[in-house]
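Colleague: Before we discuss any details, could you put the model on the screen?

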Amino acid sequence: MSHGIIFKGIGGFYYVKRDGILYECKARGKFKNDKIIPMVGDYVTISVHDAEKKLGMIEEIHERRNSLIRPVVANVDQAVVVFSIKDPMPNMTLLDKMIVLAEHSALDVVVCFNKADLDVNFDFDAYKKIYEAAGYKVLKTCALSKAGVDELIETLAGKINVFSGPSGAGKSSLLNAIADYAVETGEVSAKIKRGKHTTRHSELFEIINGGIIVDTPGFTSLSVSEVDPEDLPDYFPEFKKYAELCRFDNCLHQNEPGCEVKKALNEDLINKQRYDAYIYIYNEIVEQRRRLNKW
Ligand SMILES: Nc1nc2c(ncn2[C@@H]2O[C@H](COP(=O)(O)OP(=O)(O)OP(=O)(O)O)[C@@H](O)[C@H]2O)c(=O)[nH]1
Ligand SMILES: [Mg+2]
Ligand SMILES: [Zn+2]
């Protein structure tokens, strides 16, 4: 027995990929008794009952690194946050919020600016500066010409990846371009090209470098109320080295005395737009929580 990954689940059957082979599996009854529902993305141990027909049984579900709700998938390693450079112009607060949610789920973050062909004013260079300073990998792609898609594919290698971003940014177009590199190209790309991205069921597909992609764009509707406001500073990685020097351990970097983050901000060592997004998101969380607690 060796490990596999659940690539999709339909009507009580789970399709588990192990050593490059897809097995149709059922799950042992004990999971139901323990109220454990296998999820797409789960690392599982299977036993094979019929090697020729590729039938098996899920024996063990390994501990999950995380489980996302939208899309429903476990063990995601990385979020690719896609925004277009133009048409529509990126809403930077929304971008920062998506990064916060990804950080909250302990995902690696890649920021991908798409529609490079529309970047006539060189806006990308400014965006790149901000997000690289925050510690993220920043990519520029054009889904139409496929410029930058090679580098995007490289960053997906060996990880389970989910794409997120606002409507119109080009997520489906990029998935389309990437689907050409899927291990089972035929079926996957046909499905992606039909634009089947709104199904409730997540499904994974594997690309030739071992990267795995969730075929539904993730967390597009955003509530940050699940984030503890006291954890929020941790989700702005560029604050970290200054926050460690703040006078108070629980400094929220707002009006506390001896705040080194504020000092760094005033010295232009922290980007003001990012700091303002932090304050904006902080206030939104506090406000959402207040409304929820009222009832
Ligand atoms: N000029 C240009 N247009 C692009 C590019 N990528 C996508 N588009 C266009 O942008 C529009 C939206 O692209 P989609 O891929 O549907 O965007 P999406 O992010 O999947 O949007 P939702 O499914 O609504 O969330 C389409 O008309 C695409 O043809 C690009 O790199 N350059
Ligand atoms: Mg789409
Ligand atoms: Zn501080």
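Colleague: Which residues does the UniProt annotation "binding site" cover?
Modeller: The annotation comes from an unreviewed UniProt entry. In the predicted model, Cys259 touches Cys246, Cys251 and His253, leaving aside residues up to four places away in sequence. The residues that the record covers are Cys246, Cys251, His253 and Cys259.

Colleague: Is His253 buried or exposed?
Modeller: His253 is found in the loop between helix 7 (240-243) and helix 8 (260-266), and its contacts, not counting residues up to four places away in sequence, include Phe239, Tyr275, Tyr278 and Ile279. Because buried means under 20% relative accessible area, and the value for His253 is 3%, the residue counts as buried.

Colleague: Which helix gives the most to the shell around ligand 1?
Modeller: The ligand is surrounded by 15 residues, with Lys171 and Ser173 among the closest, and by class the shell has 6 nonpolar, 6 polar and 3 charged residues. The helix that gives the most, with 3 residues, is helix 5 (residues 171-179).

Colleague: How much of the accessible area of ligand 1 does the protein cover?
Modeller: Oxygen atoms of ligand 1 lie 2.8 Å from a polar backbone atom of Ala143 and 2.8 Å from a polar side-chain atom of Ser172. Of the 660 Å² of accessible area that ligand 1 has on its own, the protein covers 66%.

Terms used
Residues numbered from 1 in each chain as written. Chains lettered and ligands numbered in written order. Predicted model: local features only at pLDDT ≥ 70, side-chain atom pairs only at ≥ 80, totals over all residues. Heavy atoms only, no water. UniProt positions renumbered as here; feature names shortened; annotations may be inferred. Helix = DSSP H or I, 4+ residues; strand = E, 2+ residues; numbered from the N terminus. Buried < 20%, exposed > 50% of the residue type's maximum accessible area, 1.4 Å probe, protein only. Contact = heavy atoms within 4.5 Å. Near = heavy atom within 4 Å. Polar contact = N/O pair within 3.5 Å; in protein donor to acceptor, adjacent residues only side chain to side chain. Areas by Shrake-Rupley, 256 points an atom, 1.4 Å probe, with all protein chains shown as cover. Nonpolar A, V, L, I, M, F, W, Y, C, P; charged D, E, K, R; others polar.
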